[in-house]
Amino acid sequence: MKYVRLFEEAVGLSRFELGGKGYGLVEMTALGLPVPPGINISTEACKRYYALGGKMPEGLLDEVKLKLEKLAAKVGKGFGDPEKPLLLAVRSGAPYSMPGMMDTILNIGLNDEVVKSLAKLTGNERFAYDAYRRLIQMFGKTAMGVKGELFEEILERYKQKFGVKHDIELPPDALKQIVEEFKQLISRETGRGFPQDPWKQLETAIEAVFKSWNNPRAREYRRFYKIPDDLGTAVNIQVMVFGNMGENSGSGVGFTRNPSTGEKRLYGEYLPNSQGEDVVAGIRTPISIENLDKKLYEELVKLAEKLEHHFRDMQDFEFTVENGRLYLLQTRNGKRTAQAAVKIAVDMAEEGLITREEAVSRINPSEIMQLLHRRLDPSVKVKPIAKGLNASPGAASGKVIFDTDEAAALGGKGEKVILVRPETTPDDIKGMIAAQGVLTSRGGMTSHAAVVARGMGKPAVVGCESIKINMEEEYFETGGGVRVRKGDVITIDGTSGAVILGEVPTVEPELTPEFRKLLAWADEMRRLGVRANADTPEAARKAREFGAEGIGLCRTERMFNQPERLPIVREMIMAASEEERRRALDKLLPFQLADFKEIFKAMKGLPVTVRLLDLPLHEFLPPAEQLITEIYEMRIKGAPESEIAEKEKILRKVQQLKEHNPMLGHRGCRLAIRYPEIYEMQVTAILTAAIEVLREECETVGVQIMLPLVSEANELAYLREIIEKTAERVFSKTGARIPFKVGTMIETPRAALTASSIALHADFFSFGTNDLTQTTFGFSRDDVEAKFMAGYLEKGILKNNPFEVLDTGGVGRLVKLATEEGKKANNKLEVGICGEHGGEPSSIRFFHEAGLDYVSCSPYRIPVARLAAAQAAIARKEKAPITI
């Protein structure tokens, strides 16, 4: 296999063969831009290196020697020739940009003899020895494993000795002494000397780059950005150009547009008398690229235009100036903020450089979440004290409060608080509503805290296992020993998962004209509808503002959990007869009616899917342990027997309702089949509210009543009859009639497998993929995420957390099967998804392919879903369908 090519021989190969850096260099060479000539070793060589257990592929070094001879002849120099020394840069280059994650070694070819002739040839002894000390330092650290700080200590000592601040101020004599000390350090630390043979240097440097593909930071970077581990890195061997030859030389980094704002203007920095790594290392303060010599600046502007025109994207390029002559060392698609990404994509489409479809496709849907929440001021440097899962984006600061009631009370007075809990439950809702954000030490991305916070648009950091919470003494302690007490101010960043001590300034989200325009383009391209999961009027209004086309999931449990209603709910649960239950439900009816009216007003003209009560009844009662403790304390304090008896009655009810596995127990439609009066009350409230909104607003919602946890067609048929009879009573009482639909969640494997039977009784299906994932895998979500999910991901047993990214091979097959068979049995069946996967971009593409009609997600994910749905439609046009 051919592994090695000169740049001009590699034209037409892809970035997956040449690596991103190599691809850019080859393309720039073909364009005739000023690129130092070089050689590319393909990614296949790296893959083969690892396949052989860390051995160089046979024939690779022979290929390198052959191409190096051609390279030397081209530039009229010799590798290892003291008279006309050829010096080389050896750089990594993965298919996807991984800035700073892998290794580079500059000035390969220098040794004790060549450095002297280089000094003589250039007439610049300081430059020659500066280049040599850089080689020894880089080589010793990268290829021989010497700690970098040991080199820095020597360098710092010499700067102090000679009374200078920067490396460039060290005189030649100091650099000569540093070179000797560096060599001694390597011998002392490794037991081997710095290699004087240039070929040995090159061979070792190539292998060091291969090894750097699997260094810890590269692996972690790939894990975070979901870059496959089997791509390998290319190696680029390039003729050195020197930015450290004096004040007429230097190195810089440029962007063809501003990476922070997207403004169409050359942006970057330049550091005189430096080599490339000095700019990114921050050892000296660079100058703005605009302050360069006018001729040089104009040359860069022209090159930037050529790069953009060719690559059709904003470019991040590195350059070196050697004695006034400009060279390009690298170009790649530039990293940019979400705000800049949107502006650049829209501007380029309007400039005619790319199509609207390309503009929509270029935006990472997940990153635009940054535009929808307050975020940390990027100009402020922060040092996190802990890090958890970035469950709900945005940034918030406030006083640490551990008690839900206290958080609600302080928040109600206008104080900013962060609710800190081991985990949250539905009982914590009032504290979550009042808090600026939520921090938990347990739980995953789809835990209660995560789901509720996302629905509210509040920042949340969950599963922050490095903090240990002491609820009794009201403090938490980080792994680093920082103790944070109740009342201390912290900042949480739900976008990154960081927890920071103190208040950090934030900036408001900016819904720019370009952002609105991009989403409008996306709406023209997508087939999937986009609805919201919203169960408050505020969430409904926010969802509509972000472009939701209705509500795909309105949960009713929150309405039962409100403080003024909970006693009535408990009265209903404690009822000894149906008559008593109905009396309690009659008291709840006005509350439900008022809730639905406000939500319906916010969504008038659009469909609203209301899920009837899903939770098991014991969820609305205090835990048995709490009741036992309270009864014990009442007896100690001599409380009246009547009060104790009432508490004991509740305890007996809790024990009676207790289940071994509540998730699979007496909940959802099963509860309603036993107690149909609960759903009768809810249906009455829903339809009455819709009719009242119609009378008051001259327009109402498209009512969709959804039954949870149906696994058998007869369950749906039985309850549908009850719903329709209830509807007739409402219509008779109100003197009005409105259309409505009845459907079900599909959240068990049996429901999916028998979809053709269930569809005969349903107007719509909505996949509850959170529970469908649990029941398909046999996973208890919170337990799995707390105990072994991280290990499964790290070991590669699972590629993604299936509660975050849809498991297309298992859960996805059920979704596809149920959709196809349901629609075949009932050609009017509408099919959607209301689990959290409805806002996850790769899952949305699958739902598009599977033939669903809409996705539903939390309000702050609506723009993400709109964009991802458009990208799915574009991908469908351009590529083959997803296979499962």
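1. Helices (H or I, at least four residues) and strands (E, at least two) are DSSP runs numbered from the N terminus, and two strands pair if DSSP finds at least two bridges between them. V321 sits opposite L326 in strand 10. Two residues separate the strands, and N323 in the turn has a positive phi of about 50 degrees.

2. A word on provenance before going on. This is a predicted model, where local features need pLDDT of at least 70 and side-chain atom pairs count only at pLDDT 80 or more, while totals for chains, interfaces and linings use all residues. Residues are numbered from 1 along each chain as its sequence is written, and side-chain values use heavy atoms, with hydrogens and water left out.

3. Two other backbone spots to check on phi. Most residues other than glycine have a negative phi. R312, not a glycine, has a positive phi of about 55 degrees; this residue lies in the loop between helix 11 (294-311) and strand 9. With a relative accessible area of 28%, R312 is partly exposed (buried means under 20% relative accessible area, exposed over 50%, partly exposed in between, with a 1.4 Å probe and protein chains only). E474 is another non-glycine with positive phi, near 55 degrees, in the loop between strand 18 (468-470) and strand 19 (475-477). E474 also counts as partly exposed, at 22% relative accessibility.

4. Now the open sheet: eight strands in the order 12-22-21-14-15-16-17-13, with mixed pairing. Strand 12 (386-387) and strand 13 (389-392) are the edges, each pairing on one side only. Strand 13 runs antiparallel to strand 17 (residues 460-462), with three bridges joining them, and N390 stands opposite V461 of strand 17. Helix 14 (residues 404-412) lies across strand 14 (395-401) and strand 15 (417-421), at about 175 degrees to strand 15. For such angles, axes are lines fitted to C-alpha atoms, for helices over the stretch in contact, and values run from 0 to 180 degrees between N-to-C directions.

5. Helix 18 (residues 537-545) and helix 21 (residues 578-602) pack at about 10 degrees, with axes 8 Å apart. That makes helix 18 and helix 21 roughly parallel (the label covers angles under 35 degrees). P537, A540, R541 and R544 of helix 18 make the contact with E598, I599 and A602 of helix 21, contact meaning heavy atoms within 4.5 Å.

6. Which residues does R581 touch? Leaving aside residues up to four places away in sequence, R581 touches M572, A575, Y675 and E677. R581 is in helix 21 and counts as buried, at 13% relative accessibility.

7. Last, helix 32 (residues 811-825). Its 15 residues reach 21 Å from first C-alpha to last, close to the 21 Å expected at 1.5 Å a residue; the expected span is 1.5 Å times one less than the number of residues. V811, G812, L814, V815, A818, T819 and G822 are its buried residues. They are on the same side of helix 32 because they cover an arc of only 155 degrees around the axis, taken from the directions from the helix axis to the C-beta atoms. R813 and K824, on the other side, are exposed. The buried residues pack against several elements, including helix 29 (769-777), strand 30 (830-833) and helix 33 (841-850).

Note on methods:
Parallel < 35°, antiparallel > 145°, perpendicular 65-115°, else oblique.
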